[in-house]
Each structure stands twice: as structure tokens, then as C-alpha cells.
Amino acid sequence: MRIVFLDAATLGDTSLAPIARLGELVCYPNSTPQEARERVAGCEVLIVNKIKVDRPLLDAAPSLRLVCEAATGVNNIDLDACAERGIPVRNVAGYSTDSVVQQTFMHMLSLLGDAPYFDAKVKSGEYSRSGLFTDVSRPFVEITGKTLGVIGMGTIGQQVARIATAFGMRVIYYSTSGTGHCKDYPSVSLETLLKESDVVSVHAPLNARTSGLIGARELAWMKPSAFLINLGRGGIIDEADLVAAVDAGQIAGTATDVFTSEPIPLDHPFLQARHPERFRFTPHTAWASVEARERLVAIIAENIEKGW
Amino acid sequence: MRIVFLDALTIGAGSFAALEALGEFVGYGDSTPQEGLERVAGCDVLIVNKFKVTPALLDAGPSIRLVCESGTGMNNIDVAACEARGIAVRNVAAYSTATVAQTTFMHILSLLGNGLHFDTAVKSGAYSRSKILTEVFTPFSEAAGKTLGIVGLGAIGRQVARIGRALDMQVIYYSTTGQHHDPAYEEVDLDGLLRRSDVLTIHAPMTDRTRGLIGAKQLSCMKPTAFLVNMGRGGIVVEQDLVDAVDRGTIAGAAVDVFTREPLPLDHPYLHAQHPERFRFTPHIGWGSEEARTRLVEGIATNIRTWMGC
């Protein structure tokens, strides 16, 4: 059985041994559309992360029996075309929840506690020269008693809410699907959420309801002391509007793991902010703890073992 | 009533309105020992944070009837000398528990999640030039399922334990006094704590039992993947030994809020580590959110009012 992984670089140096055990595994770090069509010849199991699986690619792979998405979202796969050809498509869900939730709080606590500012104070020697045992130059914000607004109360959103409660936060949420199925916390309108929250955390998928959900008008509803965190998808927040709001002090700061275009272009507004110290970034890595990547590979292997 | 605060800068630029309401309040940012002697003349209520209250200072302030520590620890106050003169001493406790627990997890998650590295990867443009949608070449590890070892299960240690459990960490603890027990978590000896912890966090006071508790020998018992966080007191960890252990990879990294000498001397080993990226520091601000500082001032005011009998 020939297994081809067209964009394996997205998994870094994670061991693919559990998959290699199942057949002849051929990995390419990345593939252009042209390369992809050449590489799927003779392939029975195709693994992709972001590579587009469209009709031309399927036509180039007459022996293809199974498509494995090495992630949750299958936007890159033409599901109808696969179904017509009787090719099952299997994705991987839930493997990254703990990792994303953890990175959400890493960002939140760094913003509230001004971590890079204080770290630099010590490492630069400024603290040593201050003559004072502590540093009172910039007050930071206590998490306890503050309001967390969660946008998108799915598995990740609920886990974020649970940990926020342990920190003594009050949690409210806005359901982007409109179902408001979670009864543990009050479901509110987007406007109420943005007006009341001290921290807004986005954990929604990108779809017609969430695309451009938060722009200049919505940012203006937020408190000047509030922080906005996006670990959902780029495109939910208007990036230029966000930079303008943070630079102008309309909100206090922001953390972002996901971008409309990835990697972000060098001329992106995020990289031209006048106050970079009010921003925290991770390069779409929130999902990718060592443990999450290992789980991902293990589940892809299980998906292949199920056969077709 | 004259209220004198000799080192008010330690609380910062916050409002002292709660104290001003009680009498004639005079706040000095900082005082040398000599200035202290001059400034307590005519003082009824003395407020200090780190300033040493010695018999000599009390002699210079014969009208002092109450000494308020603007913190929890009273190592700086000669309590016996105060008692001998009939002077009451009051401290403020628990005003900072939530903030210290918060700063603890700020450090833990930054160490586990490699926060500084990834932020720099984006801001420097390295991510943009990488041509890959996700930066997967620097691994980071999950808190969930890892073991959190707590030294000192007082009010702060317990709050840290509670949040650690919410993050699905396995919580174990070592009580430095042998007095704090909580059946909700597994109690272990120091050796067990060092060997099993993926994150070891210190929330103990400075006592004869904790001074130099963790040095080269203890650090060598820890996992090479483990992180050490010290939010308790500087001297609990031998600082040179910690720098050596982190630089050599004996442990993976460390975060420190408290130092043997504060502020940290410029020639301190912490400032000369070969791998500063493995360290996180805060300048003894783990206690000092704006909210905690407000509670502290209110706590001092309450102590004065209670002492006054109103």
C-alpha cells in the first residue's frame, strides 16, 4: 500500500512511524499543485493538511482509495468529488483542544500581566539600577473577577470557560451558530459580549457567519482596558481595524495565532503596528504541542487502519 | 493623628485616599536609615514595607503607638522591641493570593508554551519568510497530564493547585513546615517532588527550613524537561546553582520573581546566563496587580481603624 503525504512539513519533526508501519510511506515537505498531481500517481492513501484535493488531483490518482486530512477542517478537500468516486475522507478531531486552550491562557496571562515588559526590565538591568525591590512603573491587571467573553462555545471554548472559572473569572459567551446550546454560562448578543468583557477570546470556525465578524464598529464597543484574543481563524477579525484600534488605545491589546493569509506577508499591518508591545503573536502554533502532534499522527494511522 | 509611610514607593503611585481619610498622612517614596530616624518624630502610626524598624528607630519616634507592615512578612520589624514599648504591630495577609497565582501561571505557560520565542518569530518577520503556515520546528509541551509539584501548600499554594488541576495537571506537594495537608492532593517528600515534577513551583516563606532548600544536588534530581518557578523567596533556591543547571540543560528552564538581594545586583548570575531565553523574570511584582495594591492600602487602613477601636 502506497501512502503519500503531500505537505508533511506542517507536522514538523513529529515521528510518522505509526503511519509508516502501515505501508510504503512517501513524504514530501510541501507540494505545488503541479507537483501534487505528479506525486499522487500510484497512491492509494493520500494524506494532506492544506493541499487542495480537487478533481484534477483526483483524476491524476486513479488508484486512490482513501483521503486523510491531517487536521480537523476539510475546506481544502472537494468532498463531492471524492464521494462521486467512492473515496472516503477522514479527518482528525479533538487532538489539539488542550494545546489551543493552554496557548489561549498563555496569551491572556501575558497580556494581563505584561510579561515581556517585566522580563525585559529584569534582563536589561533596569530593575537592578532602580534601587527598589519591586517595580511599580506600570500597573497590571488581575484576572480574578474580570469578565471573559467567549466567541464560539465549542469544545475549545467550553474548556477555556472552565479554566477561566478556576481563575475566578465570570464567563459569558456568544454563539456564532446561534444555537446557544451551552447552559453553564449566559449566552449574550455580540454587542453585549464586546461591551461587558475584559477579555474577549475567539474560538469560532471561519464561515459565512463569522467572516468579518469583528471590525472597527465592533471594536469600538469594547472597553479601552479590554484585550482581544483570536485563536479561531484569521478573517473573523478585520486585521487592519484591529491594529488601528490597539495602536489608538481604543482597546488595550491583542493576541493572535491565526491570520487571513499564512504565513503573514511582511507588509501586513500586524508587522507595522506602532505599539508592538501591545501585541502577542504565535505563528499558528497553538494547536501544535508535541503531544497534540503525536495524537494527530496516531489518529491518522487509526483512520488508515479502518480501511475503505 | 500623624501617619508616616517611610517607603511608600513600594506600593507605587496608587491612591492613598483610604489612609489620608484617617489622619495627617505623610508618605515618603523611600527613606535612608538616617532619614527614617528624622521622619518618625511626632509620628503616631508608622507604616513600612521593607524599611527596618529597629529599637533605634522606635527611640527616635517616642509617640509611635502602632506599626503597620504594608505586606505580610514582618522580618523587617523588631517585633519584640515593639512589644516591650507597648507598640502594636499589624500586617496585611491574603491581599495578593489571586495575583501571585496568576503570575505563577503566566510564567508556567510562557515556559511550557515558548511564548517569547514564538512572539519573536512573528514580530521579526521570520514566520513571514518561512513559507509555511505554521511554525512547527520549535516544540512546546502541554500542561495537561503533566505533574505540577508545589513547595508550600499555604493559601497561594492551594490556589495554584486548584488552577493546576483545572489545567488537568496532576498536583503533588511538599509541605516545608509539615503543617499544611490537603487530602485532595498527594503529599510527597522533597525528593519525590523533585523527581516527579514536570513543573516545580515554590510558594513557601523564608525560614530556617527553606533557606537553600534547592541547590545543585536537588536540581540534579529533576527531569531535564522540567521547569522551576520561584514565587516564594529568593534564598530558597541557590541562585548560582539554578543558573548552572539551566545553562547546562540539567533542567529545561526557570522563572523567578524573588531574589536574595532586591533589586538584583547587576553582576548577579541571573543577568549573565548563557541561555537567557530559558529564563523568565518578573521584578518581584508577582504580588502587585493594581487590584492587589488597592486591597493592600485598604487592609492597612482597616488595621489602623480597628486599632483605633472604630
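**Notes on the interface**

1. Between chain B and chain A of this predicted model, there are 28 residue pairs in polar contact, both residues being at pLDDT 80 or more. Several elements of chain B each put at least two residues into the side that touches chain A: helix 5 (97-113), helix 6 (115-123), helix 7 (155-166), strand 12 (279-281) and helix 11 (290-308). Helix 5 of chain B gives the most to that side, with 10 residues.

2. What is the make-up, by class, of the side of chain B that touches chain A? It has 36 nonpolar residues, 22 polar ones and 17 charged ones.

3. The contact as a whole draws 75 residues from chain B and 69 residues from chain A. The size of an interface is often given as the accessible area lost when the parts come together. For chain B and chain A, the buried area is about 5900 Å². Carbon and sulfur atoms give 66% of that area.

4. Salt bridges between chain B and chain A number 5. In one salt bridge, the side chain of Asp168(B) meets that of Arg162(A), with an N to O distance of 3.7 Å.

5. On the division of chain B: domain 1 covers 2-93 + 290-308, and domain 2 covers 97-281. Taken over C-alpha atoms, the centres of domain 1 of chain B and domain 2 of chain B are 33 Å apart.

Methods: Residues numbered from 1 in each chain as written. Chains lettered and ligands numbered in written order. Predicted model: local features only at pLDDT ≥ 70, side-chain atom pairs only at ≥ 80, totals over all residues. Heavy atoms only, no water. Contact = heavy atoms within 4.5 Å. Buried area = accessible area lost by both parts, 1.4 Å probe. Salt bridge = Lys/Arg side-chain N within 4 Å of Asp/Glu carboxyl O. Polar contact = N/O pair within 3.5 Å; in protein donor to acceptor, adjacent residues only side chain to side chain. Helix = DSSP H or I, 4+ residues; strand = E, 2+ residues; numbered from the N terminus. Nonpolar A, V, L, I, M, F, W, Y, C, P; charged D, E, K, R; others polar. Domains from an automatic or database assignment.
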